[in-house]
Amino acid sequence: MDSLFFLFTGAAMTNILDIKNLNKSYNGIPALKNVSLSVRAGEIHGIVGANGSGKTTLMNILFGNPVIRETGGYQGEIYYEGVSLKTKNSTEIIGLGIGMVHQEFALIPDMTIGENIKLGREETNRFTDRLFGKKYSFVDRKKNDLNAESALKKLGVNVDIGVKIINLSTNTRQFVEIAREIARADLKLLLLDEPTAVLSRDDASNLLEDLTELSQGGLGILFVSHRLEEIQQICDRATVLREGEVISQYGRGEVSTTKLARDMIGHTVSKAMAKKRAIEPRPLVSFQQYSVEMPGEEIRGMDLDIFEGEILGLAGLSGHGKSALGYGIMGMYPATGEVVYENMKIDRMDAKANILKGMYVLPDDRQALGILPDHSLAENIIFTGDQIKGLFSMNFGLPFLGFLDKRKVYDHVHQLVDDFEIRCTSVKQKIRELSGGNQQKVCIARALTVNPRLLFVAEPTRGIDISAKEKILKMLIDINRSRHTTIVIASSELDELKRVCDRIAVMVEGRIFKVLQPDSSDVEFALALAGEEGTDYDA
Amino acid sequence: MRYKILAEKLFNMENLVPTVFLLLSFFAWQFSGLSGTFVLNQVITRFIRDGILVLSLIIPVVAGMGLNFAIIVGAMTMQTALLFVINYQLAGLPGILLVFFLGIILAVISGFAIGHVLNRVKGKEMIVTIIIGFLANSIYQLVFLVGFGTFIPVANEEIILSRGIGVRNAVDLGMYRNTIDKFWLIKLGGIEIPLFMILVVLLFAGIISYLLHTRFGQEVKAVGSSHEKAEIAGINVNALRIKVIIISTVLAALGQLAYLQNIGMFDVYTAHMNTDIISCAALLAGGASIKSANIRHAIVGIFLFHTLFIVSPQAGQNLFHNAALGEYFRSFVAYGTIAFALIISTKYEKK
């Protein structure tokens, strides 16, 4: 039946998307190198790759994301049904019949589900259509909502269509986003960027069934995922990306998880690995009914003890509060609850006071909060140490007026640059000219200058290439072992936490759901992340 | 805890400001000793005079561009059109029609320019519109104070200063005064209701409400909620923002026409001053914020704000035997409302 269908249409076998020799770099660091691939109508083409392999960059290019143009465009050609996409913006690309489901949701937060699904394609009143044209025609809200509801029903989701997006769980948002794309009549190519990353197991398998059905209806799908089983299950062809390059491509029937895994990981990077050890459960700091009002990442009444000398991992899906802990300590967002640090109660979440007490936070938003981009590397390293503790000032008995002791600064900075192998032309180089990995090393160096007893690090390896990642993880382990600094790492990279941490606390909806050992099974972690008690292990 | 929720429901941002205004106006009215009929007549006059100007602010707020202080530019374009037509002495219906179309064309052009500027300063629209207003005002003064009689030929000596250069301070609009206001004038006891003009203001309210319920309106809301996300969702954000400002400027121009014909006198250099501040204050008094505004806010706001505006000088006179105090109180009310609303909405924004 299928082959007959193809014979008659003919066009179905031709490529609707052709990518030829695509190259893209950010500030001189290549993100994509000579990538070529194609998608046919009615096919699901999978793209596999580890973090940082260029999957998201590829999607951004395909969808005309303004980020690409702002960072200098790309080289190579992309043809969609014979039309070059090079000069097109997202609006024009959507007009051509391409839809995209974004990893970071592109839903309008203050609008309802119905409004979001039908945005730009609202059902309008027929009378005012003729009067003023579609664009200025009265929106038929009832019909609109009905239509949106049926699109959601197709995906097997039952929610009140009048709820605003802000009030939805990440799970439902993902389905709304997909419903928005498939509700389009003109959709010919669908780009999916890690659509199952935030879904529970059941929801993910429902989604995969939906996708297979859609592709049988003639839709071309480009499916990006790092879950290999999914790729094997639904993809007709698959391309493996590693560090921006196409490593291999598999045709129909050749896709298998073992091959994909081998190609994806490639050469072995020597991985940071902390030895197992027993930690004495003596709390250095304990949080009771601790809440932080960080929008989108609220902590709601958390109880947690952090033991002296340990490395504690904080895991959790985005939106469940793992990155708010550090911000709360630094007083970035209003925090309530009881914090006992070394038997002292801390009432005020004040950055300066807490740094003096021996706590330090390295935020996940490195560009905005972690570095002073236009200052030199040396100034960045000594900044907190000098401003808060006056470590490098020649003190003449006057507050604020101490001159900087240049020799002391440069001795200290050179020492750290050598120790951490920070790659720079000189210590006077502006920090924004350094790569992400080196910036992160500078941040850690700054934290060490303050010599904290308790260090919070959020997403230490985000946006950093694979080999630098391991170096940073090793640095954290070294600091912990040699200086006995207690470290809390909030990260979405579960695999890294498992290698580095002594304990891993899983956060769900702003509370500690479970504290797991790093050698707990993947199933236990998956269940904990989804907020389910691990009773049915056969699931 | 329960009281807290109840208190939040009653005294949320939307109701707090109008409640305060209602109380203030009531007490000021009591002290002023003015008759209810007088105040009501005055408020109705202000409603038809300022209504369209206040309404012109709504769409930019919904589009996330804050209060468009540049409506003053719209007011000036209409005054420019009016002066040119008076200069060439076109009286009667053709004259009015020409003013109307010329004003709209100038408003579209300046709205387009303002929109382009605002696209370059996303997130700082309000301060930029204030400065644009100042800039436009000085250009306007330059043209009419120095341009007339030098590079613009004078055809109507009556409106020119005796030295031959520059337009007079005040130009009489006697022939247009209250022409439309007297249509369908209904008298209920001592209260005069100019039904036609009220319907005109309500018609504009209806047009704005309609626009916000179209595909265009949905896009405006989306851009107002998050312009980055709207861009990814396939909306041409820059083009949309330009359209929004054009609509606002054109409405402001029409609003100024209604304002001038109601007053009947045309103070060439001052008629447009403060239209922005007073309109913004009126909108905010109705419970709008710099993030959300609707027709109800505009209409409630005009009534509350102008009641206070009318009764406060007299109340000042009676309480402190000093009319000037009431006059100061007027500016305090106008700027205070704006400052208060800005602080409150910034606070709510963080949540």
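**Entry 1**

I started at Ala315(A) and found it opposite Val506(A) in β21(A). This is a predicted model, so I kept an eye on confidence as I went along. The strands around that pair are β13 (residues 311–315) and β21 (residues 503–508) of chain A, which run parallel and share 4 bridges.

Next I traced the whole sheet. It is open, has 6 strands and reads β16-β19-β20-β13-β21-β22 in chain A, with mixed pairing. I wanted to know which strands stand at the edges. They are β16 (359–362) and β22 (511–516) of chain A; each has a single partner strand, so one side of each has no neighbour in the sheet. On average, neighbouring strands here are turned by 20° against each other, direction ignored.

Then I looked for helices on this sheet. Helix α17 (residues 436–450) of chain A packs on it, touching β16 and β19 (454–458) of chain A. The direction of α17 makes about 175° with that of β16(A). I also noted helix α20 (residues 522–529) of chain A, which lies across β13, β21 and β22 of chain A. Helix α20 runs at about 175° to β22(A).

**Entry 2: the antiparallel sheet of chain A**

I moved on to an open sheet of 4 strands, ordered β12-β11-β14-β15 in chain A and paired antiparallel. Its edges are β12 (299–307) and β15 (344–346) of chain A, and each has a single partner strand, so one side of each is left without a neighbour in the sheet. From one strand to the next, the twist averages 10°.

Within it I checked β11 (residues 283–292) and β14 (residues 335–341) of chain A, an antiparallel pair with 6 bridges. Which residue of β14(A) is the bridge partner of Phe287(A)? I found Val339(A) there.

**Entry 3: a hairpin in chain B**

Leu185(B) has Pro194(B) in β3(B) as its bridge partner. The two strands form a hairpin with 2 residues between them. In the turn, Gly189(B) has a positive phi of about 60°.

**Entry 4: two helices of chain B**

I then took helix α5 (residues 71–87) and helix α7 (residues 125–147) of chain B. Their axes come within 9 Å and cross at roughly 15°. That angle is under 35 degrees, and α5(B) and α7(B) are therefore roughly parallel to each other. The crossing of α5(B) past α7(B) is left-handed.

I listed who makes the contact: α5(B) gives Ile72(B), Val73(B), Met76(B) and Leu83(B). From α7(B) come Ile132(B), Gly133(B), Ala136(B), Asn137(B), Tyr140(B) and Phe144(B). By class I have 8 nonpolar, 2 polar and no charged residues.

**Entry 5: where the chains meet**

How many residues does each chain bring to the contact between chain A and chain B? I noted 22 from chain A and 19 from chain B. On the chain A side, helix α4 (residues 90–95) gives the largest share, 3 residues. That side has 11 nonpolar, 6 polar and 5 charged residues.

**Entry 6: confidence in chain A**

Last, I checked pLDDT. Chain A has a mean of 81, and 92% of its residues reach 70 or more. In chain A, strand β20 (residues 486–490) is highest at 92, while helix α1 (residues 2–9) is lowest at a mean of 43. Over residues 1–12 of chain A, pLDDT stays under 50, and the model has 5 contacts beyond four places in sequence for them. Where pLDDT is low, predicted coordinates should not be read in detail.

Note on methods: Residues are numbered from 1 along each chain as its sequence is written. Chains are lettered from A and ligands numbered from 1 in the order in which they are written. This is a predicted model: local features need pLDDT of at least 70, side-chain atom pairs count only at pLDDT 80 or more; totals for chains, interfaces and linings use all residues. Axes are lines fitted to C-alpha atoms, for helices over the stretch in contact, and angles run from 0 to 180 degrees between N-to-C directions. Angles under 35 degrees count as roughly parallel, over 145 as roughly antiparallel, 65 to 115 as roughly perpendicular and the rest as oblique. A crossing is left-handed if the near helix is turned anticlockwise from the far one by less than a right angle, and right-handed if clockwise. Two residues are in contact if their C-beta atoms, placed from the backbone, lie within 7 Å. Ala, Val, Leu, Ile, Met, Phe, Trp, Tyr, Cys and Pro count as nonpolar, Asp, Glu, Lys and Arg as charged, and the others, Gly among them, as polar. Two strands pair if DSSP finds at least two bridges between them. pLDDT is the predictor's confidence in each residue, from 0 to 100.
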